[in-house]
Amino acid sequence: MIELPDLATGGLAVGMVSALALGAGLLRAQRQQARQRAEIAALRRQLDGAARGFTAEIEHLAARRIPAAAQQMTHSHVTVPGPLSPRIAESPLGPALEQVLNGMRVELAAQRTRIDAAAQAGMRGATREIQAALYRLQDALRGLQQKYDDPELTQTLFRLDHENEQSLRRAQVAAVVCGAWVGLAREESHLVDAVTGGQARLAGYHRIRIHNHLTAGTALVSHAVEPVAIIVAELLDNALRHSAPDTDVVVNLEHVHHGVCVTVDDAGLGMTQEERARAQRLVAGSEPILLTELGDPPRMGLAAIGQLTRQFDLGVDLSSPSPYGGVRAVLRVDSQLLSRIDPEERPPAASAARSTRPADRDDRASRKEGSGEAGTESPGASPTAHGYGAEHDDASDTASGHHAPPDTGGLPQRRRRPRPTATPATPAEPEPIPEDRRPERAAAALGALQAGTAAARSAADGGDVSIDALGAVSDGVRETDHTDHDHDHEGGTAR
Amino acid sequence: MTGRRGGRPLVPAYLSTGGVARPSRPQLERLSVLRSTGAPAPTGLPAAQLALLDALDDGSLTVVEAAALLRLPVSAVRVLAGELIDRDLAASRAPIPTADRFDPDLLKRVADGLRALKHPR
């Protein structure tokens, strides 16, 4: 009987307990939800902040960092700003943005080289045409110089030739900088000729003093001639440009252990350490040349030297200051680029500086001494045997050699060679006169005439044409024939 | 001329005279004869003048011959020679004119004329 209410109360109790439990659970769930919601809100706020920060960072990258990085490639003094917030650099985003910059730098550099190469190709083509045209003009001008003697015309031709040389130099240097060939094949030439040729290409060539201390006949192999002339011209141009117009630029040509050195000294202001380092880097030719790096107007001289030193295994050094106060530039020509030309057979140009080398003096002196007895000593033999001092200069050299008797071997012989071809100009030796026009004959004829007329007159006077008179005519012929051998020809004709 | 170098000369002619083209002695002609006076060359004489003096070492040369030897235009050699003459290092002589032959007919007529003067009728 108890069962029913017990059951009911039991059930009720259970229901209560479970209801209570449910209620507590519900409450807990509600509280958790609220906490989660707050958390979500906080996270969302954080995300918003991060997205804004990211956007700002990208904007900063686009507006500031990329242009700065691009500028930095040409102007090294520009600094690339870092990310906006320093926290980014620590996050994975920082390196990713750096990668963007690096990728851009690589691509930009490649583009720049491509564009520069295209510009160089264009310029190469143009300068080659100009150079060829200027060579044709040079030929025409030199032809005119040979043809006409008028001083006024010659003065103009000289000026035009000089202007043309300067234009040629500019065109040639531009072509060389752009990677072109020097544009002219020369034959083996005296080194002093190449240096003098380089000197002639400059506006201020009057200020250049060349001292040639090389053995006579020191020459360059054919493919090195024009490059050496170009390098010397550019070094001299720098020296002239950076020194006062009333100072000299001194060039010395000397033998060194492995070849020949051409030293160019100017008395200018010299270069600062940085300029010197830059110049040395350019002339070393180790880096590829970009036109955009040469400035505006482009300074091509050193860049051209760099191209040539790399191609031809020549060495240029600008690192030491000159004792004159300015810059000392040294061009080293290795012995593999040197050769020898017989200076007797093919002397250097008349305007090229004489060698001050004892060997040269020695030749002349030995010829002078030997002319009396032997006179056949071969030039160039034992160049250092005689103890001539090195302090002699070229003028005293020629002064001593100047009195060399004319009947010596070697050089004078070569010089005398063309003379027979020019004899029509100087009729030193009279041509043999044809027999019927010899003065004796003329005198005899006149004598006979005189005798004949005298005989005729006497016949007219006296009336008889005697055998004597006729005999006198023939005697006159014989007599004049005979006596005129003692007189000179002019006397004979004048009679 | 034999032995002449082919190709383009490296050193232009204006360098020999320092760009001067007007000779100090305008009377120098292509065939004027130059000879050295034998005076010692002073120091600092330009290379081209020395070269010309050397060429005159062996005896007289006409201007045009010296030009051919030095491979310079005649106009440049005239300037160089003028400078050498100014310095008394060289001397010049007017060109030797080509001798004309006398016309025998003319001589006969002159002789007749003289004789006619000597023996007037």
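# Exercises on a two-chain predicted model

In chain A, 75% of the contacts with a separation of 6 or more are between residues 24 or more positions apart; two residues are in contact if their C-beta atoms, placed from the backbone, lie within 7 Å. This is a predicted model, in which local features need pLDDT of at least 70, side-chain atom pairs count only at pLDDT 80 or more, and totals for chains, interfaces and linings use all residues. Residues are numbered from 1 along each chain as its sequence is written, and chains are lettered from A and ligands numbered from 1 in the order in which they are written.

**Exercise 1.** Find the edge strands of the five-strand sheet in chain A.

*Solution.* Step 1: the strand order in this open sheet is β2-β4-β5-β7-β6, with mixed pairing. Two strands pair if DSSP finds at least two bridges between them. Step 2: β2 (208–212) and β6 (315–317) of chain A each have a single partner strand, so they stand at the edges and one side of each has no neighbour in the sheet. Step 3: from one strand to the next, the twist averages 15°. Step 4: β6(A) is joined by three bridges to β7 (residues 328–334) of chain A, and the two run antiparallel. G315(A) has R332(A) in β7(A) as its bridge partner.

**Exercise 2.** Trace the pairings of strand β1 in chain B.

*Solution.* Step 1: β1 (residues 33–36) of chain B is joined by two bridges to β2 (residues 61–62) of chain B, running antiparallel. L34(B) is the bridge partner of L61(B) in β2(B). Step 2: β1(B) also pairs in the antiparallel sense with β3 (residues 90–93) of chain B, over four bridges. Here V33(B) stands opposite R93(B).

**Exercise 3.** Classify the packing of helices α2 and α4 of chain B.

*Solution.* Step 1: α2 (residues 47–56) and α4 (residues 74–86) of chain B pack at an angle of about 85°, with axes 10 Å apart. Axes are lines fitted to C-alpha atoms, for helices over the stretch in contact, and angles run from 0 to 180 degrees between N-to-C directions. Step 2: angles under 35 degrees count as roughly parallel, over 145 as roughly antiparallel, 65 to 115 as roughly perpendicular and the rest as oblique. Therefore α2(B) and α4(B) are roughly perpendicular to each other. Step 3: the contact involves A48(B), Q49(B), L52(B) and L53(B) of α2(B), and V77(B), L80(B), A81(B), E83(B) and L84(B) of α4(B).

**Exercise 4.** Check the span of helix α5 of chain B.

*Solution.* Step 1: the expected span is 1.5 Å times one less than the number of residues. Step 2: α5 (residues 104–118) of chain B has 15 residues, so it should span 21 Å, and its end C-alpha atoms are 21 Å apart, which agrees. Step 3: the count of buried residues in α5(B) is zero.

Notes. Buried ≥ 20, exposed ≤ 12 C-beta atoms within 10 Å, placed from the backbone.
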